[in-house]
Amino acid sequence: MLQPEEEIPLRIQELTSNLKIRDVMARKVFAVTKTCTMRDVQAIMKNNSISGVPVVDSRHVIGVISVHDIMNAFEQNWMQDPVADHMTTSVWTLEEEQPLSFAVSAFNKFPYRRFPVVNSKNELVGIITPRNINVALIQELSRQLTALETEGGGISPPTSSDTLTFHRTYRLTRYDFESGGKASAELREQLRARGIQPKIIRRAAVTCYELEINIIAHSYGGTLTLFIDHDRIRITANDFGPGIADIDQAMTEGYSTANDWIRSQGFGAGMGLPNAKRLADEFVIQSGVDMGTMVKAIIQLNPKEEPS
Amino acid sequence: MKTNELKFDGLDCVQPASSDSEITGGYTSDLLSDVMAHLKEGEALLTIQAHKNTVAVATLMGAPAIIFCHGRIATADVLEAAAKENIAVFISANSQFETTCRFAKALGI
């Protein structure tokens with residue numbers, strides 16, 4: 001069942017939200033310490049056909065040397081100098097646990113052709129280029145295609161084999177409040193049809209609606225994916241920026257960056273994220289400034305204990 | 001009180017609910033996230049936010065009725081959405097405060 005043309009990029013968007021940078025990055029990184037010379041870096045680049053080398057100090061990235069820096073060094077006769085003298089020090093790094101969509105946003109936003117990837121301790125663990133992303137997407141798409149073919153149904157919705165499973169992605173546009181509520185309405189219908197307790201339906205639908213409105217009111221646009229199986233509902237909201245600088249602040253009731261127009265629509269009370277967190281059984285938020293925000297909320301269909 | 005029995009000065013019903021549901025109380029607010037955090041099922045929503053998002057929120061929370069205060073007009077798309085969800089829509093000529101007071105009196109709260 002092929003949907004309108006939009007469906008294809010939507011699939012790709014969904015893929016970039018579900019994959020983590022860790023799954024896609026190259027783990028073999030050629031990095032140098034700050035005492036290495038520009039000549040050393042040039043040799044590494046030449047021997048390994050790479051165009052950028054991070055400079056590290058006890059595993060922390062402190063700079064990057066690009067081909068451009070090397071050309072400059074040739075011209076200025078700096079090839080024997082330590083890299084610390086000529087490296088680019090304003091380095092953007094990505095974190096390995098971030099969704100791949102953050103990397104896509106970063107490549108769209110900045111002119112760089114690679115980003116060093118760090119772990120939670122800010123230590124260099126990999127490097128990511130647009131090529132890594134292309135390869136990962138192609139691999140993932142062909143894997144899904146093979147799975148569809150083996151299912152024997154050709155192009156059929158993956159829900160056909162199991163009526164209790166539901167999986168759909170919705171596109172949400174900045175400031176298009178009319179488009180908000182589609183996912184939550186469908187979620188409500190799906191849960192009603194399964195005879196789920198009204199209380200749980202309400203918690204799930206409100207969580208979903210808050211996340212829909214968040215993307216519409218606060219991001220440049222994004223997607224919301226619903227996944228329902230026998231035990232739980234997973235709501236994943238992804239957007240492509242601008243990201244949240246201080247997540248603790250954003251999670252505080254009453255804190256809002258909403259403008260007057262958003263407020264005139266009845267939103268922007270600073271309760272969206274706190275509401276969603278309170279209502280969900282599990283709640284994870286990740287954000288990168290200029291890259292995007294990902295929220296994952298899980299609601300159990302058969303909870304042992306009601307959250308307050 | 002049944003939704004369709006709700007009556008007080010300045011109140012007009014512009015969209016009756018098709019099956020008669022029960023109003024157990026009310027919640028007055030214009031911030032929809034606040035409504036989503038606090039409105040309890042069965043409570044009518046008293047607001048000046050006369051647009052479709054209000055209906056969406058009332059639906060999610062199980063509010064049987066919406067009262068648009070201060071003579072706010074309910075447009076056709078709002079009424080259509082409310083009818084689809086079986087939510088009664090009223091318009092009150094009075095301010096939110098006054099409407100809330102009269103509503104409480106009518107309900108005997």
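This is a predicted model: local features need pLDDT of at least 70, side-chain atom pairs count only at pLDDT 80 or more; totals for chains, interfaces and linings use all residues.
View 1. Residues are numbered from 1 along each chain as its sequence is written, chains are lettered from A and ligands numbered from 1 in the order in which they are written, and side-chain values use heavy atoms, leaving out hydrogens and water. B:Gln49 sits in the loop between β3 (43–47) and α2 (52–61) of chain B. Helices (H or I, at least four residues) and strands (E, at least two) are DSSP runs, numbered from the N terminus. Neighbours within four places in sequence aside, B:Gln49 is in contact (heavy atoms within 4.5 Å) with A:Arg263, A:Ser264, A:Gln265, A:Gly266, B:Asp30, B:Thr54 and B:Phe68.

**View 2. Chain A meets chain B.** Each side is listed here: 19 residues from chain A and 19 residues from chain B make the contact. About 1,600 Å² is buried between chain A and chain B, as accessible area (1.4 Å probe) lost on being put together, summed over both. Carbon and sulfur atoms give 53% of that area. A:Arg188, A:Arg202 and A:Tyr209 supply 32% of the area that chain A buries against chain B, more than any other three residues.

**View 3. A salt bridge joins B:Glu41 and A:Arg202.** Their side chains meet at 2.4 Å, N to O. A salt bridge needs a side-chain nitrogen of Lys or Arg within 4 Å of a carboxyl oxygen of Asp or Glu. The rule finds 3 salt bridges across the interface of chain A and chain B. On the side of chain A that touches chain B, the elements giving two or more residues are α7 (182–193), α8 (198–218), α10 (260–264) and α11 (272–279) of chain A. The largest share, 5 residues, comes from α8(A).

**View 4. Three strands of chain A form an open sheet.** The order is β1-β2-β3, and the pairing is mixed. Two strands pair if DSSP finds at least two bridges between them. The edge strands are β1 (32–33) and β3 (60–66) of chain A, each pairing on one side only. β1(A) pairs with β2 (residues 52–57) of chain A in the parallel sense, over 2 bridges. A:Thr33 has A:Val56 in β2(A) as its bridge partner.

Note on methods. Buried area is the accessible area (1.4 Å probe) that two parts lose on being put together, summed over both.
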